[in-house]
Amino acid sequence: MRSLNLVPWRERQRRAVLWRWQLGGVLAMLVALGGVFLIDQALHHINQTHASHMAAWLQQQQALQSQLQDASLWQTRERQAQQLQQVWPHWRLLQTQAWQALMGLLSVSPQGLHISHAEWREGQWRLQVKAFSGSQVQQWQAQLHAQGIGLEIQTTPTASSGWHCPQGRWWRLQTYVLRSPAVQGGRS
């Protein structure tokens with residue numbers, strides 16, 4: 001009875017499905033192998049290009065190194081680099097002092113004043129301040145002295161200018177110059 005097949009169309013359908021599945025598997029495998037081959041070829045080409053660029057770069061670097069070993073310019077640059085390495089800690093200290101001085105100056109609010117120019121050079125401040133009166137500048141100067149920042153004001157304002165406030169009033173602003181003595185400790 002087993003050899004008797006009463007529904008032959010089902011057997012044919014199973015064989016057709018199996019054949020399509022096998023064909024799909026073979027085609028998928030061929031596509032995957034083709035993709036891998038193409039990627040391998042592309043990577044091989046990229047690696048060859050990179051290797052040739054690296055070889056040319058190394059050859060150029062060796063040629064330049066042999067030229068620079070004998071050049072006086074290279075020796076001068078090397079001496080300058082060594083000098084810079086020796087001076088760098090001092091420059092770093094000056095930069096740190098400048099930042100500390102700026103933070104100290106900013107720790108006191110200049111209420112009612114307009115700082116139009118601030119310059120830190122060789123451990124000294126030079127400020128241009130615009131104010132309505134000298135008493136405002138003196139009050140700010142006293143607050144700075146309390147923080148340990150010594151600024152000396154010039155006796156007279158260097159210039160004056162006008163300013164219109166939003167309410168329509170005209171105010172006279174005077175410009176004062178403040179200077180500090182040389183650095184004492186870390187703040188001035």
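Biologist: pLDDT is the predictor's confidence in each residue, from 0 to 100, so where in the chain is confidence lowest, and where is it highest?

Modeller: This is a predicted model, and its confidence is lowest in strand β4, residues 159-164, where the mean is 63, while helix α1 has the highest mean, at 92. For the chain as a whole the mean pLDDT is 82, with 85% of the residues reaching 70 or more.

Biologist: How many helices and strands does the chain have, and what pattern do they follow along the sequence?

Modeller: There are three helices and five strands, and reading along the sequence gives the pattern α-α-β-β-α-β-β-β.

Biologist: What share of the residues is buried?

Modeller: Of the 188 residues in the chain, 14% are buried. The accessible surface of the chain comes to about 15,000 Å², and carbon and sulfur atoms account for 58% of that area.

Biologist: And the contacts, what percentage join residues at least 24 apart?

Modeller: If you take the contacts between residues at least 6 apart in sequence, 54% of them join residues at least 24 apart.

Biologist: Let's go to β1 and β2. Do they run parallel or antiparallel?

Modeller: They run antiparallel, and seven bridges join strand β1, which covers residues 114-121, to β2. Two of the pairings can be named: His 117 has Gln 128 in β2 as its bridge partner, and Ala 118 is partnered in β2 by Leu 127.

Biologist: What about the hairpin, which residue takes a positive phi there?

Modeller: That is Glu 122, with a phi near 50°, in a hairpin that leaves two residues between the strands β1 and β2.

Biologist: Which residues of β2 are on the covered face, and which on the uncovered one?

Modeller: The covered face of β2 carries Trp 125, Leu 127, Val 129 and Ala 131, whereas Gln 124, Arg 126, Gln 128 and Lys 130 lie on the uncovered face. As background, side chains in a regular strand alternate between the two faces of the sheet.

Biologist: Where is Phe 132 found?

Modeller: Phe 132 is in the loop between β2 (124-131) and α3 (134-146), and it counts as partly exposed, because its relative accessible area is 32%. The C-alpha atom of Phe 132 is 7.9 Å from that of Gly 112, although the two residues are 20 apart along the chain.

Biologist: Changing topic, how many salt bridges are there?

Modeller: The count comes to three salt bridges. One of them joins the side chains of Glu 119 and Arg 121, at 3.4 Å from N to O; Glu 119 is partly exposed at 23% relative accessible area, while Arg 121 is exposed at 54%.

Biologist: Which residues do the salt bridges with shared partners join into one network?

Modeller: That network consists of Glu 11, Arg 14 and Arg 15. Glu 11 pairs with Arg 14, where the closest N and O atoms are 3.2 Å apart, and Glu 11 also pairs with Arg 15, where the corresponding distance is 3.7 Å.

Biologist: How are those residues spaced in helix α1?

Modeller: Arg 14 and Glu 11 are about one helical turn apart, because they are separated by three residues in helix α1 (residues 8-70). Glu 11 and Arg 15 lie four residues apart in that helix, which is again about one turn.

Biologist: Which of them count as exposed, say, Arg 14 or Arg 15?

Modeller: Arg 14 is exposed, with a relative accessible area of 52%, and Arg 15 is exposed as well, at 55%, whereas Glu 11 is partly exposed, at 28%.

Biologist: One more, which residues form the nonpolar patch on the surface?

Modeller: The patch is made of Trp 19, Leu 23, Val 26, Leu 27 and Leu 30, which together have about 510 Å² of accessible area. Leu 23 belongs to helix α1 and is partly exposed, because its relative accessibility is 37%.

Notes:
Residues are numbered from 1 along each chain as its sequence is written. This is a predicted model: local features need pLDDT of at least 70, side-chain atom pairs count only at pLDDT 80 or more; totals for chains, interfaces and linings use all residues. Side-chain values use heavy atoms; hydrogens and water are left out. Buried means under 20% relative accessible area, exposed over 50%, partly exposed in between (1.4 Å probe, protein chains only). Contact means heavy atoms within 4.5 Å. Accessible areas come from the Shrake-Rupley method with a 1.4 Å probe; for residues, only the protein chains shown count as cover. Two strands pair if DSSP finds at least two bridges between them. A salt bridge is a side-chain nitrogen of Lys or Arg within 4 Å of a carboxyl oxygen of Asp or Glu. Patches are made of residues with over 30% relative accessible area and no salt bridge: like charges are joined within 9 Å, nonpolar side chains (Val, Leu, Ile, Met, Phe, Trp, Tyr) within 5 Å.
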